[in-house]
Amino acid sequence: RIAAAQGGTGTLVLTLQKNGVDSALTITIAAGSAAGNYTDNTNTVTFAAGDTWQLKIVNNATTSTSMAGYSFKVSGI
């Protein structure tokens, strides 16, 4: 979810990392996109006990007012 429109000069890219490595689960929010929820409904990542996760956020806009937040849904437990 971004709380404000993404800056018009670049994308916002969120990537889930597993054990410090980028996974296929990525959301790219285009320049000028409206505030709202964004989801990667295509890719999944499997975790095992002891795995770690990080969320990498790269804002490619030269000016931006967007703020990113995130939520997680656990399944398969």
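Trainee: Quick one to start. Is G7 buried or exposed?

Mentor: G7 counts as buried, at 9% relative accessibility. Buried means under 20% relative accessible area, exposed means over 50%, and partly exposed is in between, with a 1.4 Å probe and protein chains only. Before we go on, this is a predicted model: local features need pLDDT of at least 70, side-chain atom pairs count only at pLDDT 80 or more, and totals for chains, interfaces and linings use all residues. Residues are numbered from 1 along each chain as its sequence is written, and side-chain values use heavy atoms, with hydrogens and water left out.

Trainee: Where is G7 in the chain?

Mentor: G7 is in the segment before β1.

Trainee: How many bridges join β1 to β3?

Mentor: Seven, and the two strands run antiparallel. β1 and β2 are also antiparallel, joined by six bridges. Take V13 as an example. It stands opposite V58 in β3, and its bridge partner in β2 is T28.

Trainee: What about side chains along a strand, where do they point?

Mentor: In a regular strand they alternate between the two faces of the sheet.

Trainee: Back to the hairpin. How many residues are between β1 and β2?

Mentor: Two residues lie between the strands of that hairpin. N19 is in that loop. N19 has a positive phi of about 55 degrees, although it is not a glycine. N19 is also partly exposed, at 40% relative accessible area.

Trainee: New topic. How many salt bridges are there?

Mentor: Two. The rule is a side-chain nitrogen of Lys or Arg within 4 Å of a carboxyl oxygen of Asp or Glu.

Trainee: Which residue does K18 pair with in a salt bridge?

Mentor: K18 pairs with D51, with the closest N and O atoms 3.7 Å apart. That links distant parts of the chain: K18 is in β1 (residues 12-18), D51 is in the loop between β2 (21-29) and β3 (53-59), and they are 33 residues apart. K18 is partly exposed at 27%. D51 is partly exposed at 26%.

Trainee: And which residue does D22 bridge to?

Mentor: To K56, with the closest N and O atoms at 2.8 Å. D22 is in β2 and K56 is in β3, 34 residues apart. D22 is partly exposed at 40%, and K56 is partly exposed at 31%.

Trainee: What else does the D22 side chain contact?

Mentor: The side chain of Q17, in a polar contact at 2.8 Å. A polar contact is a pair of N or O atoms within 3.5 Å; within protein, one must be able to donate a hydrogen and the other to accept it, and residues adjacent in sequence count only if both atoms are side-chain atoms. Q17 lies in β1 and is buried, at 14%.

Trainee: Which ring does the charged end of K18 sit over?

Mentor: The ring of F47, 5.6 Å from its centre. The test is NZ of Lys or CZ of Arg within 6 Å of the ring centre and within 35 degrees of the ring normal.

Trainee: Last one. What does the S33 side chain reach?

Mentor: The backbone oxygen of A30, at 2.8 Å. S33 is in the loop between β2 and β3, and it counts as buried at 16%.

Definitions and conventions
Helix = DSSP H or I, 4+ residues; strand = E, 2+ residues; numbered from the N terminus. Pairing = 2+ DSSP bridges.
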